[in-house]
Amino acid sequence: MKIVQKGWGWGLAAALLALSFAPALGQLGEEARKRAAEIAAEPTSSAITAEAVKDLESWVITLAGIVLILVLIAINRVASLVEFAPISQQKTSNIHGWTFLGVGLILAAFIGYEFMYHTKYHIWADSVHGQKIDSLFTVTFVITMFVFVATQAALFTFAFLYRERPGRKALYYPDNHTLEYVWTGIPAVTLLILVGGGLLVWEEVHNPDLGGQKPQEIELVGEQFQWRIRYPGMDGKLGKHGFKLLTATNPHGVDSSDVNAKDDVIASAKEIHIVKNKPVLFKVRAKDVLHGVYAPHFHVNIYAVPGMPTQFNFTPTKSTAEARKERENEKFNYELLCSQLCGSSHFNMRAVIIVHENEKELNDWMSKQATFIKNEPASTEPESKATAQL
Amino acid sequence: MSAEHALHTDVHVHTHGDHGHHDDHGHHKETFLTKYIFSQDHKMISKQFLITGMIMGFIGGIMSVLFRLQLAWPGTPLPFMEGLLGKWAPGGVLDPNFYMALVTIHGTIMVFFVLTAGLSGTFSNLLIPLQIGARDMASPFINMLSYWFFFTSSVVMVISFFVETGPAAVGWTIYPPLSALPKAMPGAGLGMTLWLVSMTLFIISSLMGALNYIVTVLNMRTKGMSMSRLPLTVWAFFLTAILGVLSFPVLVSAVVMLIFDRSLGTSFYLSEIYLQGVALPNQGGSPILFMHLFWFLGHPEVYIILMPALGITSDIIATNARKPIFGYKAMVFSLLGISFLSFIVWGHHMFVSGMNPLLGTIFVIMTLIIAVPSAVKTFNYLATLWKGNIRYTPAMLFSVGLVSLFISGGLTGLYLGNGPLDVPLHNTYFVVAHFHIVMGAASIFGMFAGVYHWFPKMFGRMMNPHLGYAHFWLTFISAYFVFFPMHFIGLAGVPRRYYAFTEFDVSSVWMDLNVFITISAIVGVGAQFIFAYNFFSSALTGKRAPQNPWKSNGLEWSAPVEHIHGNWYGEIPTVYRGPYEYSRPDLNPETDFLPNYVSDEQLRSGLRYWEQDYPYKDVSGGGGGEIHEHQPHSPVATPELVHRKDEEGKEPTV
Ligand code: HEM
Ligand SMILES: [Cu+2]
Ligand SMILES: [Cu+2]
């Protein structure tokens, strides 16, 4: 009893000590607020409301206080226990056996909570191949979840059940060949199933059955820090390009002497326009460093590699309008992100993918776009300049 | 230093009886420099690796808190940040370039400096000689060099924080062209050069260490220590060293070519680049080549990190469950299987790189095959715990924690290793969750387990178990709280290495969860200070360690508590069986362990000296149960000779 009192006495003293830090923390907060006000006053800075700062401040202070107090109490309590009340190893084992049970339940609850509330943003693909990936995902999920629950339950149960107790003896059980074969064989067979499924879907991803449709080609060029988007125009063919033709005004390096280039459309907004149920072929390049074309809602992900063109084929199954209705979110948009680190603004290479209901909608939009030749009347000049440079 | 003094006194007391005349040799001749700095003793070198690794670990951990603060409260001014980081956090808001620098150096430090050098370096050095019965490493001198190369490389890595353009910021995978073009971002400038220098030094260190471990294990085992009796720790260190020797040189070649591309104008990785308005002359190179070379090291590297942790926990779980490790042979074969397969799965990091899809199919198959030995290991762990009599020391808690994390993180590998499933998940937070759990947390747990378990062997003192318990529970829970939710962020399509979640609809929905993760991370990192306090205070003032504190079977516990050159007084003990004979029915109910250095004869003699809590050599003269009595003045084994040889500059060999 005395020990406990002593522990808590120290704890209390520590808490008081911690509280005496509060003014210091308050001072920090004061500074934060001042700084925020200063920054907000500057025209270039992003708007940070004093509210948010205050919010954060109280968070940090409370947290730091709590953590500090808890840690000090803990250290003092256990330190005093060691000195005054050595507990036997057996009692300790008993305590921690029970703790495994308790913590196991807490973690189970936590994981359950995560599955309830944080799967709501899980992406089920709106693309043909993506849905096949999702089926494989579901199979894998069922299998791994089963194994996860079974093995973790076994682990925590054993940790609890077989904790050291007076009179217990461990079972001498060094080997059992049958068991070894069983639990080598079962995972092997299960994995064989997953490999089989995986290879089939892998094939679908790379050689999708387009039902004889010709895919809509779109060129995506990654650069620090934006996506350049080019459509082939009415002829459906992208004009040739070369990296030596790249200039500030010819950001795709399009070769204007190529007839196919004349009606190419270079998007002015960061929007990719495609059509529901019509295959799309992303032709992907990078200008400077690696980038990654990542459209999570369609399970599209492919690197953009300088010097090596890549591509990705997919067919969207929902229009943007449908997706908005389904999600009851008028502002919803399919997004294109960069998935491969490319520099300081890697986190900010946004483009939007707009899926039209039908081809007519797309054509309406396309016909309003300026074609390449209009954008770039003197396009032969930079070409010679680029060559001259080398 | 008072603790050291106490230890010295101890040496006198213990050696007094039979080896009194040796006292005027030995430690008097050792200067501070040869004993603590340029030591060639494997036990001291192991402590050097550990403490350097721990310091780097704290640096890496604190970095993670800094960038986690940015993720939780993007753009919010935190005045202390500016105080701490100066121009890298103008107005208290972390600069995006510096965010990437923190992430990069955090990853590099954790993977290489903490979990490769800090883990393998520490425990291979400490345990290989002690567990196989050798006086030291095959080459103590190269062993010393290995540490000093590691130390230098750590210093260079830390120095890179003080250059104008900041440290490397291109991700720990340093993919070119970003890493090859100093103009592409500040973190690809001088900081990147220093990163490459540091890693080159690191690889030299790692190769020296690994070759030493391999040779020592193959050639210097004591009588009776056949390969089939090797503790699983030693198997793990041995195979880890082989992986290192075979894969690190490939990284060197990749790094050298990168250095050429950076400074000599070659085009190994560069082609058709137009950077900031200028078309570069490089033609014909391929960044994909770099990925192949990098991951040829990179994948074995994750097993270089993990296998020692698995070995360590196998040993600890058997000891504390008081049961033989279930399926010793299967455990060894799965380590062998993992080692072999780890060389042919690297392509699973490149499924969406534009690599030929056909190649992808092969990597899918290989990757899922490697899951089989991992599953076997898990089941064997569980079977070892089953019907045990589990004694919860802090080391045991961390070992059980490792099994849990190994399962959780291993299973998500089945998603990432299966090509098509990796397509939506590649480079998202799902990956961050996966590798932190299976490689980061699990291996760190193995490392902690090892430190708690073998601390008495390192310092001759015990750690405070209660602080150890607090450390474990806080770390275990926060590991799950920090990393488990990241799976869902990744499944919702948020890429990794993002400075802020604010720019996209898919990411901005996660702001509140990010706050939760960051708070958990702060608690988790905070808990490590309990460990640090415990470690250093116990090293200085901890309770004196008994001879065999955990009643373990391992050979290392037959060596005297105090550190001596050559590890054992007298002859090195002979080994009579494997190290996992716990709770043998024929010894029931008298004892539940039977050290591998106890002969059947001694066993029959009935004097179970190994159960005593005082140093075994004190039973000398007491008759049958004594280990070095056979040849007390064997010319090879006496400390005297070992020391004399040292003075002549030769290595004490067996
Ligand atoms: C204190 C606990 C830790 C926390 C809170 C933490 C947090 C993080 C986070 C959030 C990232 C991703 C940042 C981003 O993508 O923007 C990251 C990256 C990383 N972490 Fe940790 N981490 C911790 C410990 C570890 C450990 C023990 C390892 C050892 C393997 C590790 C290895 C890495 C690696 C390799 C990366 C990738 C770096 C890169 O993308 O270049 N971390 N960490
Ligand atoms: Cu990017
Ligand atoms: Cu890998």
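Are H106(B) and H436(B) buried or exposed? Both H106(B) and H436(B) are buried, where buried means under 20% relative accessible area, exposed means over 50%, and partly exposed lies in between (1.4 Å probe, protein chains only).

The structure is a predicted model, in which local features need pLDDT of at least 70 and side-chain atom pairs count only at pLDDT 80 or more, while totals for chains, interfaces and linings use all residues. Residues are numbered from 1 along each chain as its sequence is written, chains are lettered from A and ligands numbered from 1 in the order in which they are written, and side-chain values use heavy atoms, with hydrogens and water left out.

View 1. Donors are N, O and S atoms within 2.8 Å of the metal (3.2 Å for Na, K and Ca); water is not among the atoms, so sites may look incomplete. Four donors count as tetrahedral if all angles lie between 85 and 135 degrees; four count as square planar and six as octahedral if opposite donors are over 155 degrees apart and all others between 65 and 115; anything else is irregular. H106(B) belongs to helix α5 (residues 96-132) of chain B and H436(B) to helix α14 (residues 429-459) of chain B, so the pair ties together parts that are 330 residues apart in sequence. Helices (H or I, at least four residues) and strands (E, at least two) are DSSP runs, numbered from the N terminus.

**View 2. The copper ion (ligand 3) with donors from chain B.** H299(B) (ND1), H348(B) (NE2) and H349(B) (NE2) lie 1.6 to 2.0 Å from the ion. Along the chain, these donors follow the spacing H-x48-H-H. H299(B) is in helix α9 (residues 287-321) of chain B, and H348(B) is in the loop between α10 (328-341) and α11 (357-385) of chain B, 49 residues apart. Both H299(B) and H348(B) are buried.

**View 3. The copper ion (ligand 2) with donors from chain A.** The protein donors are C338(A) (SG), Q340(A) (O), C342(A) (SG) and H346(A) (ND1), at 2.1 to 2.8 Å from the ion. Their spacing in sequence is C-x1-Q-x1-C-x3-H. The 4 donor atoms subtend angles of 84 to 131°, which makes the arrangement irregular. C338(A) is found in strand β9 of chain A and is buried, at 0% relative accessibility. Beyond its neighbours within four places in sequence, C338(A) is in contact (heavy atoms within 4.5 Å) with residues including W227(A), H346(A), P495(B) and Y498(B). The C-alpha atoms of C338(A) and A295(A) are separated by 8.7 Å, although the two are 43 residues apart along the chain.

**View 4. The interface of chain A and chain B.** Chain A contributes 119 residues to the contact and chain B contributes 130 residues. The buried area, that is, the accessible area (1.4 Å probe) that two parts lose on being put together, summed over both, is about 11,300 Å², with 74% given by carbon and sulfur atoms. The rule finds 1 salt bridge across this interface, a salt bridge being a side-chain nitrogen of Lys or Arg within 4 Å of a carboxyl oxygen of Asp or Glu. It joins the side chains of D505(B) and R350(A) (3.4 Å, N to O). On the side of chain A that touches chain B, α4(A) gives the most, with 16 residues.

**View 5. Salt bridges within the chains.** Over all chains, the structure holds 23 salt bridges. In chain A, the side chains of K360(A) and D364(A) meet at 3.2 Å, N to O. Both lie in helix α7 (residues 359-367) of chain A, 4 residues apart, about one turn of the helix. K360(A) is exposed, with a relative accessible area of 56%, whereas D364(A) is partly exposed, at 36%. In chain B, D592(B) forms a salt bridge with R322(B), the closest N and O atoms being 2.9 Å apart. Both D592(B) and R322(B) are buried.
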